Amino acid sequence: MKKSIMKLTLAAMLTAMSVVIGIFCKSFLNFGAGLFRVTFENLPIILSGIMFGPMMGALVGIAGDLVSYLLSPQIYPPNLVVTLGAASIGFISGFMAKVVIKKGGYWQIIISGALAHVIGSMMIKSIGLYQFYGIAVLWRIPLYCVIIPVELMIICILYKNATFRRLIDKNTLK
């Protein structure tokens, strides 16, 4: 019971972090009417997938995306393909970390996070945004070639912390 409450609390905090980062980036780091947005809102989603597994990672991605949409000053309607992309980021990072690369460490973080971003951010979310931006959506690819290493470097720096490392390596919240 104690682990369930701790898991739920941390997942809620990661969702809130994703929302706050998303709103900040949509408001202040937004260039080209939303197409060129420097954002790190996927970092907490990747963390939730790695720490809690694919299902909780997907739920954090969905909740973070929908709440972020509701609270941010956007002019476009909700895009469920983009929400699916956020869910896939959490699911893929969790699936890779818990099923494919079971041993914790830097490679688990790098491979899980990079694959989640390539599929979720660069592919699925770009498909969802194509209806608004057309072929210009391809500019997201070089942008994410910068964002992905920065996010993964931040997670790897966090991994140096003993408490954070214990959460990931020993699957204490699984």
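How exposed is Phe-91, buried or partly exposed? Phe-91 is partly exposed, with a relative accessible area of 34% (buried is under 20%, exposed over 50%, partly exposed in between; 1.4 Å probe, protein chains only). This is a predicted model, in which local features need pLDDT of at least 70, side-chain atom pairs count only at pLDDT 80 or more, and totals for chains, interfaces and linings use all residues. Residues are numbered from 1 along each chain as its sequence is written, and side-chain values use heavy atoms, without hydrogens and water.

Rings of Phe, Tyr and Trp (its six-membered ring) pair if their centres lie within 6.5 Å; planes under 30 degrees apart count as stacked, over 60 as edge-to-face and the rest as tilted. By this rule there are two aromatic pairs.

| Pair | Centre to centre | Angle between planes | Class |
|---|---|---|---|
| Phe-91 and Phe-95 | 6.1 Å | 10° | stacked |
| Tyr-106 and Tyr-159 | 4.9 Å | 70° | edge-to-face |

Phe-91 and Phe-95 are four residues apart in helix H4 (residues 80-100), so about one helical turn separates them. Helices (H or I, at least four residues) are DSSP runs, numbered from the N terminus. Phe-95 is partly exposed, with a relative accessible area of 34%.

Tyr-106 lies in helix H5 (residues 106-133) and Tyr-159 in helix H6, so their pair ties together parts 53 residues apart in sequence. Tyr-106 is partly exposed at 36% relative accessible area, while Tyr-159 is buried at 5%. Arg-165 lies over the face of Tyr-159, 5.9 Å from the ring centre (NZ of Lys or CZ of Arg within 6 Å of the ring centre and within 35 degrees of the ring normal).

Definitions and conventions. Helices (H or I, at least four residues) and strands (E, at least two) are DSSP runs, numbered from the N terminus.
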